[in-house]
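Could you show me around this structure, stop by stop? I have it open in a viewer and would like to know what to select next.

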Protein chains: 2
Amino acid sequence: MFNSNHKMSSALRWLPSVCLGIALSSGAVAQETSASKQPWMQGFPPDNEHIIRNTDSDFFTGEKLRWTVCNLGTLFPNKILHRGLNPAHHFEYNLDPSIAEISFTPLNSQQPMSWDEAFSANYTDGLIVLHQGKIVYERYAGCLNELGIHASMSVTKSLIGLLAETLIAEGLLDETALAAQIVPELTNSAFGNATVRHILNMTTSLKYSEDYSDPNADVWQYGAATSPLPMPADYQGPRSYFEYLQSVKKEGEHGQAFAYKTINTDALGWIISRSTGQSISDLLSERLWQPMGAEQSAIFTVDSIGTPFAGGGLSAGLRDLARIGQLMLNEGQFNGKQLIPAQAVRSISVGGDPQLFAKAGYSTLPNGSYKSMWWSYHNANGAYAARGIHGQTIYIDPSAKMVIVRFASHPQAANTHNDPTSLPAYQAVADYLSQ
Amino acid sequence: MFNSNHKMSSALRWLPSVCLGIALSSGAVAQETSASKQPWMQGFPPDNEHIIRNTDSDFFTGEKLRWTVCNLGTLFPNKILHRGLNPAHHFEYNLDPSIAEISFTPLNSQQPMSWDEAFSANYTDGLIVLHQGKIVYERYAGCLNELGIHASMSVTKSLIGLLAETLIAEGLLDETALAAQIVPELTNSAFGNATVRHILNMTTSLKYSEDYSDPNADVWQYGAATSPLPMPADYQGPRSYFEYLQSVKKEGEHGQAFAYKTINTDALGWIISRSTGQSISDLLSERLWQPMGAEQSAIFTVDSIGTPFAGGGLSAGLRDLARIGQLMLNEGQFNGKQLIPAQAVRSISVGGDPQLFAKAGYSTLPNGSYKSMWWSYHNANGAYAARGIHGQTIYIDPSAKMVIVRFASHPQAANTHNDPTSLPAYQAVADYLSQ
């Protein structure tokens, strides 16, 4: 007989790994693990204590995380985001060894730290810095190398936001349209009378909790509904992103405040796919990966009907996300071609409304805002970023003509845990490169 | 509560899809479906009657097969076989429109058929013909295009056999060694006192049935043991390829007859990985996909501990398997480089022992043999092939300097159903190209 509680929780565990931007207070204490020391899933077979399965309750926590971030596709069904058959674009290199020694003072600290020390402190798996379009720093660790792909978590959202802004700029999507006008199935849900812009900026009012400390939070039902693994035979709930989204209820009025809820991005993904007739992974392939000469195909985790997870399903190569960052810095141009309308990038880089954002209380982003699924720092350099839990980021600094992409497997999910040793470091490198 | 019977059978259903070369007598009658007509998994969401899930009992039969063969990774966890970062090799084209009209007489028939008619009759998804290293014919249908990958089924075995022959030629693997000497865990299994050569040629004597008409056949336990999906909580059996292989018992003496049993290839994969310290997918990447300039990364389905399925787990691009075929035709050379020792290829192309093979009674291969996981036809042209159920093949004709790769989704698994409209067609094109 099945133990249905065990089984259910196994399916539910899938979600925390991929959605969201809220802290999971993991009890595990992760040690830094270098590529050579990484003990997980080595050997034929791996020794029993270092096997990671999709049924493990802790596959996305602590030390296991350091393997899983590079291998989500080996644990779960996924969909290929094709790089296509074009020759790969290659960045020029202008490596600057001094960057490793750049010193900065972490937030809430008096103790200086070097860039290299921060690399370790943040459980970094891959880190690249572009300046004026050339690679000035690049380093891999943990489970990652230049041939590998890494979970980007909610960085995925920013790419979906970029797709939406592109369609808006091209006149293929109306930001004032109500979701129900584009996806009638959403009519009776909270999304029904939200505009595309409300969803894009996450200023919808949704009766939906992403509080992982609450066992009754909606996020757990979302995890069950969107799991690609078999569910208990008596499970009667929604069985896909699309089915779940239809069940979300409203709580208040849209447009009043920013509230970070992953389901907005999945609703946006639905709107985009219904508008274009293409999956978000195929659209990203056609609009970005293929024309920009990506080096590697990427993958998207999927639900049980093959829908790519818009809210956080992308695993990609480090340099391929650097190409995205450089395209953003160049207002949609890459390698001499205008791949994305400049207007789409400008709508993002200008940032959102800090007053709507302030209500959400992000301690490490006191002046921040969120627009079109991107985070703006509203600092002197006009920096903005894609951000995903456990330390994933594409950080764009227009003033310094700098792009940073980082993949990490920090044991604490919330970026409030790595921002103190990241954001001042990024600023210090920006200052150095701007000299 | 779970319905454990339902769940169990769901896990078990996974296997028939991927192992083996024995007929499944599917009751479904598949209609030919062109790429444009293919109704499965289209739309956001697909309509209910055209959704395919990994829990469907029939995901690898009939019409559903026509979608699934291109999308195994969207249903099941899998491991990337990286193409690497090298520029892709490109074939020259010398397309010959006359090939489509070439006529042949199917086996056991008086009625002539054209190459193009055979394309449809065989439920072909992709078909390419190389002559003297140039593409003379190439066509896609069904779910496949040049950007896609397709299940190769037991063609996988031939690539594992090629790896083994390569290691033997390089002195890294001793074909006379007993499996137990290389993998001590196999000591008490049937494989323990089999030589590498017995396993490589499938002349082991194993108490193991791949008879799908028998609900108690061992193949069903193998399917359960090697499923990457969660198992019932009370399941106590083996949970990986490696665990299952240790449980296989002997029946008779090794070396007496050819008996096609997929588990030989998984044992060979284990021997290769233990010998080299690399997974078969990483080894194929390093030895073939990267140096030959593959256009696409491929994938391998995996078990619950991430072991690639050596017996049938590879999905790859059509032209990439054509590169393998051309490398075989050129005795290990490709694009001017000796990637594989000529001796490894010659050991395969010379064929096996037809007398050992005859006992297996393959009606469409009256003069055939099997060696190193490749099938030899022993015809006048010295043709040999990799073959996988539902019509997958890499067909190499040394005399005609011809390579054919075909992907298909024939509703009947056993190639005895498509050989009559395939093998005489290959010979007719070989004759035409040899004029």
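Here is a short tour, from one annotated span to the interface and then to a pair of rings.

This is a predicted model, in which local features need pLDDT of at least 70 and side-chain atom pairs count only at pLDDT 80 or more, while totals for chains, interfaces and linings use all residues. Residues are numbered from 1 along each chain, chains are lettered from A in the order in which they are written, and side-chain values use heavy atoms, without hydrogens and water.

**Stop one.** Select residues 127-412 of chain A, where an unreviewed UniProt entry places "domain: Beta-lactamase-related"; such annotations may be inferred rather than shown by experiment. The span is 30% helix and 19% strand, and its end C-alpha atoms lie 18 Å apart.

**Stop two.** Show chain A and chain B together: 53 residues of chain A are in contact (heavy atoms within 4.5 Å) with 53 residues of chain B. The two chains bury about 4,400 Å² between them (accessible area lost on being put together, 1.4 Å probe, summed over both), 68% of it on carbon and sulfur atoms. Now colour α1 (4-12), α3 (72-75), β1 (78-81) and α10 (263-276) of chain A, which each supply at least two residues of the side touching chain B; helices (H or I, at least four residues) and strands (E, at least two) are DSSP runs, numbered from the N terminus.

**Stop three.** Select Phe258(B) and Tyr362(B): their ring centres are 6.3 Å apart and their planes at 40°, so the pair is tilted. Rings of Phe, Tyr and Trp (its six-membered ring) pair if their centres lie within 6.5 Å; planes under 30 degrees apart are stacked, over 60 edge-to-face and the rest tilted. Phe258(B) and Tyr362(B) sit in loops, 104 residues apart.
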